[in-house]
Amino acid sequence: EEGELMTPNEYIERFSPDAPRIDDANKSVVAIKVTIENKNNKDGYIDLVTMGLRTPTKDDFLQCDSLLFEQAYGKGQPIDVLKLQPNTSMTVWIPFSLQTNWVLFSHEISRVPLKPGLYQLLLSNLPTQSWVDVPVSDA
């Protein structure tokens with residue numbers, strides 16, 4: 001895995017150029033490149049809701065920025081899980097952010113500015129927690 005720190009608009013321009021822009025110039029999104037492989041599993045999936053990213057200071061836990069991810073990969077439709085057909089693979093850039101002032105059913109979100117460093121990606125909680133170190137550079 002690798003990660004890049006970027007603004008919400010940099011993420012949109014790179015992964016969903018036709019989507020509307022967001023009025024936020026802060027480097028507040030960590031995009032993590034993840035390659036997913038399904039080796040003949042008909043029932044498995046990756047739950048984006050439980051996946052998260054711990055900051056280098058370990059003070060905060062970022063969650064998938066569903067608004068940005070849906071614009072890039074779901075054509076505006078909600079995406080809670082990633083499920084692939086058996087024996088296929090896919091590479092995605094999952095955006096993570098720390099959001100404040102979030103209003104239910106609203107697209108108005110405030111994101112906290114972030115810094116480059118060594119983040120930790122939480123891949124699973126059960127049966128045990130699985131963390132992967134991800135270096136994040138300034139895009």
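Among contacts (heavy atoms within 4.5 Å) in the chain between residues at least 6 apart in sequence, 66% join residues at least 24 apart. This is a predicted model, where local features need pLDDT of at least 70, side-chain atom pairs count only at pLDDT 80 or more, and totals for chains, interfaces and linings use all residues. Numbering starts from 1 along each chain as its sequence is written, and side-chain values use heavy atoms, with hydrogens and water left out.

**Layout**
- Reading from the N terminus, the order is β-α-β-β-β-β-α-β-β-β-β-β-β.

**Strand pairing around E11**
- Pairing takes at least two DSSP bridges between two strands.
- E1 (residues 2-6) runs parallel to E11 (residues 130-138), with three bridges between them; Leu5 has Asp138 as its bridge partner in E11.
- E10 (residues 117-124) pairs with E11 too, this time antiparallel and over seven bridges, and Tyr119 sits opposite Val134 in E11.
- Five residues make the hairpin link from E10 to E11.

**Overall shape and burial**
- The C-alpha atoms fill a box of roughly 40 × 35 × 30 Å along the principal axes.
- Buried residues (under 20% relative accessible area, 1.4 Å probe, protein chains only) account for 40% of the 139 residues.

**Charge**
- There are 12 positive and 19 negative side chains, with the centres of the two sets 5 Å apart; Lys and Arg count as positive, Asp and Glu as negative, while His and the chain ends are not counted.

Note on methods
Helices (H or I, at least four residues) and strands (E, at least two) are DSSP runs, numbered from the N terminus. Buried means under 20% relative accessible area, exposed over 50%, partly exposed in between (1.4 Å probe, protein chains only). The place of a charge is taken as NZ of Lys, CZ of Arg, CG of Asp or CD of Glu.
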